Amino acid sequence: MTANLIIVGRFLLGLMFIIAGVRNFLRLNERFGFKTNYGFALPPPLIVAGFAVQLIGGISVAFGLWPMWGALALIVFLIAATSLYHNALMFTGKEREPHIYFFTVNLALAGAFLLVIALS
């Protein structure tokens with residue numbers, strides 16, 4: 001029973017990043033124009049690499065193909081994405097609220113990936 005729950009949980013966690021990666025690749029031209037919280041856009045090859053990490057890491061975790069490495073890659077992705085796009089310390093008032101939300105969501109996801117690593 002526990003093993004089945006781990007497999008289902010890992011699949012659902014990875015599926016979120018598979019969906020995000022596919023959606024980002026389908027909207028790639030739009031994504032190239034996104035500016036970081038610091039006012040600059042990342043170079044296109046770096047954006048493509050980030051989306052590839054989302055997709056490949058998600059597949060890795062969801063299907064149990066070297067899930068430890070996929071989870072580790074997605075933790076690195078979450079750290080980079082959070083620091084570049086959701087730095088709540090750069091905002092005040094109402095503008096801060098969505099960044100605090102995304103920060104806490106990404107923190108929880110990183111925690112879930114640490115569990116994937118621990119169970120691998």
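Analyst: Helices (H or I, at least four residues) and strands (E, at least two) are DSSP runs, numbered from the N terminus. The structure above is a predicted model, in which local features need pLDDT of at least 70 and side-chain atom pairs count only at pLDDT 80 or more, while totals for chains, interfaces and linings use all residues. Residues are numbered from 1 along each chain as its sequence is written, and side-chain values use heavy atoms, with hydrogens and water left out.

User: How many helices and strands does the protein have?

Analyst: The protein has five helices and zero strands, and its pattern along the sequence reads α-α-α-α-α. Its radius of gyration is 15 Å, close to the 14 Å that the globule rule gives for 120 residues, so the protein is as compact as a globular protein of that length. That radius is taken over C-alpha atoms, and the globule rule is 2.2 Å times the number of residues to the power 0.38. The C-alpha trace spans about 45 × 30 × 20 Å along its principal axes.

User: What share of the residues counts as buried?

Analyst: Buried means under 20% relative accessible area, exposed over 50%, and partly exposed in between (1.4 Å probe, protein chains only). By that rule, 33% of the 120 residues are buried. The accessible surface comes to about 7500 Å², and carbon and sulfur atoms account for 75% of this surface. Such areas come from the Shrake-Rupley method with a 1.4 Å probe; for residues, only the protein chains shown count as cover.

User: What share of the contacts between residues at least 6 apart in sequence joins residues at least 24 apart?

Analyst: Contact means heavy atoms within 4.5 Å. Of the contacts between residues at least 6 apart in sequence, 65% join residues at least 24 apart.

User: How should the span of helix α3 be read, and what span should its 20 residues have?

Analyst: The expected span is 1.5 Å times one less than the number of residues. Helix α3 (residues 44-63) should therefore span 28 Å with its 20 residues, and its end C-alpha atoms are 28 Å apart, which agrees. Helix α4, with 19 residues, reaches 26 Å from its first C-alpha to its last, close to the 27 Å expected. After α3 comes G64, whose phi is positive, near 70 degrees.

User: Which residues of α3 are buried, and which helices do they pack against?

Analyst: An α-helix has 3.6 residues a turn, so residues three or four places apart point the same way. In α3, the buried residues are I47, G50, F51, Q54, G57, G58, S60, V61 and A62. They pack against α1 (2-26), α2 (28-31), α4 (67-85) and α5.

Q54 is buried because its relative accessible area is 6%. Leaving aside neighbours within four places in sequence, Q54 is in contact with F17, I18, A20, G21, N24, L74 and F77. A62 counts as buried because its relative accessibility is 5%. With neighbours within four places again left aside, A62 is in contact with R10, F11, G14, L15 and I18. A62 and I7 are 55 residues apart in sequence, and their C-alpha atoms are 8.0 Å apart in space.

User: Which residues of α4 are buried?

Analyst: In α4 they are P67, G70, A71, L74, I75, F77, L78, A81 and T82. Their cover includes α1, α3 and α5.

User: Which members of the largest nonpolar core touch the most other members?

Analyst: A nonpolar core is a set of buried Ala, Val, Leu, Ile, Met, Phe, Trp, Tyr and Cys residues joined through side-chain atoms within 4.5 Å. In the largest such core, which has 13 residues, F17, V61, L78, L109, F113 and V116 touch the most other members. At least two residues come from each of α1, α4 and α5, and α4 gives the most to this core, with six residues. Not counting residues up to four places away in sequence, L109 touches L13, M16, F17 and L78.

User: Where does F102 lie, and why does F102 count as partly exposed?

Analyst: F102 lies in helix α5 (residues 97-119), and it counts as partly exposed because its relative accessibility is 36%. F102 and I18 are 84 residues apart in sequence and 18 Å apart in space, C-alpha to C-alpha.
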